[in-house]
Amino acid sequence: MFRRRLSLVLIFLAATIALQGMGAVLALREVERQVLRGRIASDIHMGFVQLSSIKQRLRSWTTQFKIGAGGKLQERDALILSLQGTLAKLAQLTQSAADAGPDSTGAAEQIARREALQVLGQAVTALADGIGQVQALQPDAPARQGWDTLNDIFERLDGRDLRQLIAQNIARENAAVQRERDAADQALAQMQLLWISMALTLALLSLAATAYFGRALRAPLDALVDGAKALGRGQLTHRIVLKGEDEFSDVARSMNAMAEELDKHRQRETKTRYELEAQVGERTRALHEANESLQRTDLRRRQLLADISHELRTPTTAIRGEAEITLRGQDRPAADYREALQRIVSTSRQLGAVIDDLLAMARSDMDTLSLVRQVIDLSTPLLHALTQAKSLAAGRKVRIDCQPLRDMPMQVLGDAQRIGQLLLLLLDNAVSYSHPEGRVTVSVQLAEDDPQAVEVRIVDQGIGIAPNELALVFERQFRGRAARLHRADGSGLGLPLARALAVAHGGSLHLESPGDQLSQGGTRAVLRLLLYNPLAP
């Protein structure tokens with residue numbers, strides 16, 4: 001019933017749309033052709049303008065060269081190549097303009113354009129030859145002579161004025177661009193009129209069909225829409241009331257049957273889902289809370305144990321080494337024993353401070369240490385760290401050499417104990433991974449790229465670090481393959497702690513090793529700290 005009438009109307013509307021599309025395609029092709037011609041005309045105009053600009057720049061270069069004011073030959077060659085490239089591009093555009101199908105006026109322009117390009121091509125060839133023969137103007141030569149030479153090279157060819165020729169072409173191409181724009185505008189206006197006419201026709205036909213079917217379909221469609229909205233809102237008890245034997249009545253009966261069946265399934269699913277969701281939610285929350293608690297506890301435990309083991313190892317090793325060196329050999333003067341005991345006491349105090357910090361970290365779950373910042377001389381913690389490190393080095397038969405400290409500013413703002421701890425970590429690392437009878441060199445200098453920073457460089461002749469492991473040595477508990485083979489008892493925490501202390505003082509720490517910047521093996525640790533500036537905010 002409704003299907004046949006609807007099919008006929010749709011076929012008629014489809015035919016109308018097809019006719020409109022065919023007309024639109026033809027109009028678009030015409031507009032596209034006009035736009036293409038306009039674009040080509042604009043490109044040709046810009047090509048002549050660019051040709052004039054490059055010629056002027058080449059003349060400026062020649063003037064500078066002739067009067068001895070500079071002028072690189074590479075710049076001249078580049079400008080000549082640019083002139084030749086622009087002429088080649090203009091030739092291509094001229095051929096494209098011819099292929100676009102010019103009218104009677106455009107045909108005359110094509111002839112004039114080809115003649116001008118031929119003359120300009122000869123001019124560019126002659127210009128390149130003439131510039132190659134240009135010599136610098138002698139000091140006693142009159143300036144008029146140089147000017148006449150430039151005019152002969154750049155502005156005249158077989159009695160023709162090149163400047164006037166280029167200007168005429170620019171004016172002609174400008175007029176062509178305007179003409180093509182006017183043609184494109186006219187084509188667009190015609191296409192607009194065609195589209196409006198066809199759109200109005202299609203709109204009138206659509207309105208007529210809409211009015212016809214609207215009167216016939218309003219009641220059944222409204223009933224179906226209301227029923228669909230009710231089902232969409234979840235009102236599965238809603239029923240659509242339509243009588244008759246047409247298509248809409250069949251759809252209504254199918255929707256009513258579907259709603260009844262869905263209502264039954266929803267009731268069963270709702271009951272089951274509520275029971276399962278309650279059980280799963282309760283178990284999930286319990287497991288999630290337990291898992292998070294275990295992870296946090298395990299992470300804090302492992303980090304604390306790692307920090308404690310590493311932080312306590314270096315001071316205790318220094319104390320043991322100092323005592324062993326003092327007790328080794330024959331009796332010594334009381335002053336030597338006193339100095340050794342004083343160093344042991346100083347190291348013990350540092351050990352006590354480290355233990356206090358580790359306990360504070362354990363109680364407050366912090367991962368950083370507090371700093372007491374004050375203005376200090378970097379040489380003081382450096383010499384103290386060297387004294388402690390030499391006792392460690394003696395036990396491993398490694399020599400530590402410190403280059404003489406230069407007469408330069410070495411005041412920094414930081415915690416003297418933490419900086420000494422940082423330097424001792426680096427020295428201990430250099431000694432631990434050196435070969436027996438090896439040497440560790442320490443030097444202090446101003447940073448080359450920043451006079452407001454000082455660098456402490458610690459260079460060893462040890463096992464070095466593989467290039468692919470340099471980016472990983474500052475990660476907690478990472479140890480390279482060579483390090484594990486050299487020392488099995490390392491923890492992989494020294495360098496991460498050292499970098500953390502350097503960053504806390506506003507500085508930086510990086511390593512260099514074979515495959516990076518060194519070529520003789522070993523490793524170089526570079527610690528950079530900012531010098532104290534009393535005028536800084």
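1. Is the crossing of α9 and α11 left-handed or right-handed? The crossing of these two helices is left-handed, a term used when the near helix is turned anticlockwise from the far one by less than a right angle, with right-handed used if the turn is clockwise. Helices here are DSSP runs of H or I with at least four residues, strands are runs of E with at least two, and both are numbered from the N terminus.

2. A word on the basis of this note. The model is predicted, and local features need pLDDT of at least 70 while side-chain atom pairs count only at pLDDT 80 or more, although totals for chains, interfaces and linings use all residues. Residues are numbered from 1 along each chain as its sequence is written, and side-chain values use heavy atoms, with hydrogens and water left out.

3. On the chain as a whole, there are 11 helices and nine strands, and of its 537 residues 36% count as buried, where buried means under 20% relative accessible area, exposed means over 50%, and partly exposed lies in between (1.4 Å probe, protein chains only). The chain exposes about 32,300 Å², of which carbon and sulfur atoms supply 56%; such areas come from the Shrake-Rupley method with a 1.4 Å probe, and for residues only the protein chains shown count as cover. Among the contacts with a separation of 6 or more, 72% join residues 24 or more positions apart, a contact being heavy atoms within 4.5 Å.

4. Returning to the opening pair, helix α9 (residues 416-432) and helix α11 (residues 494-504) pack at an angle of about 150°, and their axes are 9 Å apart. Axes are lines fitted to C-alpha atoms, for helices over the stretch in contact, and angles run from 0 to 180 degrees between N-to-C directions. The two helices are therefore roughly antiparallel to each other, given that angles over 145 degrees count as roughly antiparallel, under 35 as roughly parallel, 65 to 115 as roughly perpendicular and the rest as oblique. On the α9 side the contact is made by Arg-418, Gln-421, Leu-422, Leu-425, Leu-426 and Asn-429, and on the α11 side by Gly-494, Leu-495, Leu-497, Ala-498, Leu-501 and Ala-502. Sorted by class, this contact has eight nonpolar, three polar and one charged residues, with Ala, Val, Leu, Ile, Met, Phe, Trp, Tyr, Cys and Pro counted as nonpolar, Asp, Glu, Lys and Arg as charged, and the others, Gly among them, as polar.

5. Within α11, the buried residues are Gly-494, Leu-495, Pro-496, Leu-497, Ala-498, Leu-501 and Ala-502. Ala-498 has a relative accessibility of 0% and counts as buried; leaving aside neighbours within four places in sequence, Ala-498 is in contact with Leu-422, Leu-425, Leu-426 and Leu-509. Ala-498 and Leu-425 are 73 residues apart in sequence, yet their C-alpha atoms are 6.6 Å apart in space.

6. Helix α9 also packs with helix α8 (residues 379-395), at an angle of about 35° and with the axes 9 Å apart, and the crossing of α8 and α9 is right-handed. The α8 residues in this contact include Leu-382, Ala-385, Leu-386, Ala-389 and Leu-392, while those of α9 include Ile-419, Gly-420, Leu-423, Leu-424 and Leu-427. By class, the contact of α8 with α9 has 13 nonpolar, two polar and one charged residues.

7. Beyond the end of α11, His-505 lies in the loop between α11 and β8 (508-512), and at 9% relative accessibility His-505 counts as buried. Not counting residues up to four places away in sequence, His-505 touches Leu-371, Arg-373, Leu-413, Gly-414, Asp-415, Arg-418, Ile-419 and Leu-529. The C-alpha atoms of His-505 and Gly-414 are separated by 6.0 Å, although the two residues are 91 residues apart along the chain. Also just after α11, Gly-506 takes a positive phi of about 75°.

8. Lys-397, in the loop between α8 and β4 (399-402), has a positive phi of about 55° and is exposed, with a relative accessible area of 57%. Glu-437, in the loop between α9 and β6 (439-446), has a positive phi near 65° and is exposed, with a relative accessible area of 65%.

9. Finally, Glu-339 has its place in helix α7 (residues 334-364) and is partly exposed, with a relative accessible area of 42%. Glu-339 and Thr-326 are 13 residues apart in sequence and 9.7 Å apart in space, C-alpha to C-alpha.
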